[in-house]
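This report describes the salt bridges of a protein model and the surroundings of its ligand.

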Amino acid sequence: MDVTIVGAGLSGLTLALALAKAGLPSLLVDKISPHAAVAKKNDIRTTAISLSSRRLFTVLGVWQKIADNAYPIHDILVSEAGSESILHYDSRTIGQEPMGHIINNNALKKSLLSQLEKYSDFVSFIDNRSVIALEIRKEQALLTLDDGKVIVSKLVIAADGRDSRIRTLADIQHTTLDYHQSAIVDTIQHSKRHHNLAHERFLPGGPLALLPLQENHSAMVWSERTAVAKRIANLDDEFFSTALKERFGDSRGILKSIGPRAVYRLAITVAQSGISKRVALIGDSFHCLHPIAGQGFNISVRDIAVLAELIVDAGRLGLDIGSTPVLKKYQRQRRFDIMTMGAATDMLTRLFSNDFITLKTIRCFGLFAMNNIKPLKNITMLHAMGMLGILPKLLNGKTI
Ligand SMILES: Cc1cc2nc3c(=O)[nH]c(=O)nc-3n(C[C@H](O)[C@H](O)[C@H](O)COP(=O)(O)OP(=O)(O)OC[C@H]3O[C@@H](n4cnc5c(N)ncnc54)[C@H](O)[C@@H]3O)c2cc1C
């Protein structure tokens with residue numbers, strides 16, 4: 001086997017499809033069955049997909065399947081409870097494209113799986129199996145599964161999430177900082193239209209975002225101190241809606257929780273390296289961020305675009321796709337983006353999730369300044385859209 005990808009979540013599935021489309025075979029191993037997880041709708045979250053990620057999904061033929069259920073974001077409003085300052089991003093000031101689209105994670109996984117079926121000669125699955133050992137030899141990586149089966153490949157890719165077993169087996173250190181926050185996820189129906197505006201409201205317990213879905217529906221991501229989040233998530237729909245209105249205000253009229261609802265523990269985890277011998281990390285196994293900026297999966301898409309292009313090119317040139325020079329290029333090309341995005345989301349989370357009066361004054365000034373310094377505002381928008389810097393082919397809408 002050329003490539004074994006451990007983890008068939010959003011990152012693993014996307015990478016397998018990018019490789020398959022370029023003619024490079026891979027094997028996907030997961031401790032669950034991704035098909036069964038999709039059928040059960042296990043993941044109720046939505047994801048804000050940036051413009052560059054959308055381009056990649058278009059090249060892979062996935063966007064065409066989900067476009068009707070992808071809801072554009074034309075404006076983003078940032079406000080803080082108890083402050084008059086607001087920050088308004090309007091995508092029309094920098095072009096025709098929306099800032100991003102909101103899609104349902106389950107729908108995205110479903111279309112990735114259905115698209116992968118078309119490339120069944122280039123991708124195979126081992127479901128319901130965990131990796132228990134990793135051995136690196138000169139030209140091969142050997143993975144042992146919990147049924148004793150051994151898989152030999154040139155390159156192992158860890159896409160097994162924030163508690164990555166592969167990262168540990170490859171002896172790659174990581175740093176985790178617990179925010180003691182959890183995100184409550186729900187779908188909200190409201191009496192006023194959202195006009196494709198995403199609104200993020202900063203509260204002392206954490207940010208609360210309403211992201212546009214169809215007509216008068218929004219996806220909610222409400223971060224709160226963990227103990228409080230659990231209590232709020234367990235309220236019945238009526239009390240929940242009242243608690244939400246107290247925090248969010250009435251800009252969207254009457255709010256109604258229509259569920260389903262789930263709670264996710266929030267922390268930042270960043271691996272100290274994205275590679276070791278014959279191993280590369282992508283997605284949450286490499287970097288798991290606070291959803292404050294809706295960028296966690298988008299930076300995973302950037303990992304995928306860079307790594308896929310490098311190993312496909314290496315393979316076409318007859319080079320060893322799992323060799324250290326190829327992996328070092330991946331590490332070099334991804335380091336800056338991950339470090340800056342990690343630092344930015346961490347700083348935002350800490351700066352806004354409190355009630356200290358001095359920090360409140362700084363925040364108030366920061367929102368005002370950002371709203372009025374146009375070049376800075378435009379750069380932030382382009383960054384959020386994934387459009388800054390030299391982009392790999394897939395993010396430019398080109399095949400590899
Ligand atoms: C509330 C919330 C909102 C978010 N909103 C956004 C957003 O708007 N925009 C955005 O870009 N990002 C967002 N994110 C981040 C995004 O959801 C994640 O970055 C993304 O889902 C990570 O996908 P992944 O495939 O890397 O990891 P995972 O989804 O964790 O997948 C890991 C896979 O590996 C498998 N696995 C684990 N261990 C093993 C093992 N030992 N052996 C075999 N298989 C294994 C698992 O079963 C799973 O299928 C959000 C996150 C949260 C929590």
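R302, D303, R334 and D337 are joined in a network of salt bridges, a salt bridge being a side-chain nitrogen of Lys or Arg within 4 Å of a carboxyl oxygen of Asp or Glu. The model is predicted: local features need pLDDT of at least 70 and side-chain atom pairs count only at pLDDT 80 or more, whereas totals for chains, interfaces and linings use all residues. Residues are numbered from 1 along each chain as its sequence is written, and side-chain values use heavy atoms, with hydrogens and water left out.

In total, the structure holds 19 salt bridges. Among them are these pairs:

| Salt bridge | Closest N and O atoms |
|---|---|
| R92 with D90 | 2.9 Å |
| R247 with E224 | 4.0 Å |
| E246 with R247 | 3.9 Å |

E224 is buried at 5% relative accessible area, R247 is partly exposed at 23%, and E246 is exposed at 61%. Here buried means under 20%, exposed over 50%, and partly exposed in between (1.4 Å probe, protein chains only).

The ligand is surrounded by 32 residues, each with a heavy atom within 4 Å of it. S11, D30, A48, D284 and F297 are the closest. A polar side-chain atom of D30 lies 2.6 Å from a ligand oxygen atom.

Definitions and conventions
Polar contact = N/O pair within 3.5 Å; in protein donor to acceptor, adjacent residues only side chain to side chain.
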